Amino acid sequence: MGHKSNPIGLRLQINRTWDSRWFAEGRDYGKLLEEDLKIRKFIIESVPQAAISKVVIERPAKLCRVSIYAARPGVIIGKKGADIEKLRKKLAAMTESEVKLNIVEIRKPEIDAKLVAQGIADQLVRRVAFRRAMKRAMQSAMRLGAEGVKIMCGGRLGGAEIARVEQYREGRVPLHTLRANIDYAEAEALTAYGIIGIKVWVFKGEILGHDPTAQDRLMMEAQTSGVRPAR
């Protein structure tokens, strides 16, 4: 049997770090973990049109710093920052800590695995041919600087009676190379004939030197102008 491991879990503490960054002991750990899950779920469900890639939660002292990485930050911020203030108040009600919000703009959504997977899922729901959706996503990613892309779809593709898995790959995706900066994500398309699962691997080059925050730093450097101040 194949021993398949998640490319993100495999590289934790090598070239990337966790999306929840805090330390707690005893009962506090379970309470804070539950808070994190509720905050993430609430943010993603309340602004689905903002194309959110990930939500990073940090808890220094009595503060809860939430960084939202989104392709369309304007949707979250709203007119003159009205929507972001509403969101902050709702999040503050979920936790005992003081909430600070950071909105980080993703400049190249075409090479963000989560957004690519979600984009393909949305197309499949709209009954776009799955091969066309996969190939178009791969071409966009390669054109915008990805060194390799692999996309896998599984389920009743095209409404077929028997479920199957199809995958396409372009460029190189070295899954065994630990220093490889591989972005991985999954998404589900709820179609009329059942759920279709989508997996996306995007290879963005190699990070030399063991630095868990390297990926975040590279992302921030590439999109410095997209960072908005904490509110």
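**Briefing: strands, salt bridges and a surface patch**

A hairpin of two residues connects strand 7 to strand 8; strands (E, at least two residues) and helices (H or I, at least four) are DSSP runs, numbered from the N terminus. The model is predicted, so local features need pLDDT of at least 70 and side-chain atom pairs pLDDT 80 or more, whereas totals for chains, interfaces and linings use all residues. Residues are numbered from 1 along each chain as its sequence is written, and side-chain values use heavy atoms, without hydrogens and water.

**Strands 7 and 8**
- Strand 7 (residues 180-191) and strand 8 (residues 194-206) run antiparallel and are joined by eleven bridges; two strands pair if DSSP finds at least two bridges between them.
- D183 stands opposite V202 in strand 8.
- Strand 7 is largely enclosed by the rest of the structure, because nine of its twelve residues are buried (under 20% relative accessible area, with exposed over 50% and partly exposed in between; 1.4 Å probe, protein chains only).

**Salt bridges**
- The count comes to 14 salt bridges, each a side-chain nitrogen of Lys or Arg within 4 Å of a carboxyl oxygen of Asp or Glu.
- E58 forms one with R21, with the closest N and O atoms 3.8 Å apart.
- This pair links distant parts of the chain, as E58 in strand 2 (residues 52-58) and R21 in strand 1 (residues 20-21) are 37 residues apart.
- R21, E58 and R65 are linked in a network of salt bridges.
- E105 and R107 also meet in a salt bridge (3.8 Å, N to O); E105 is buried at 16% relative accessibility, while R107 is partly exposed at 41%.
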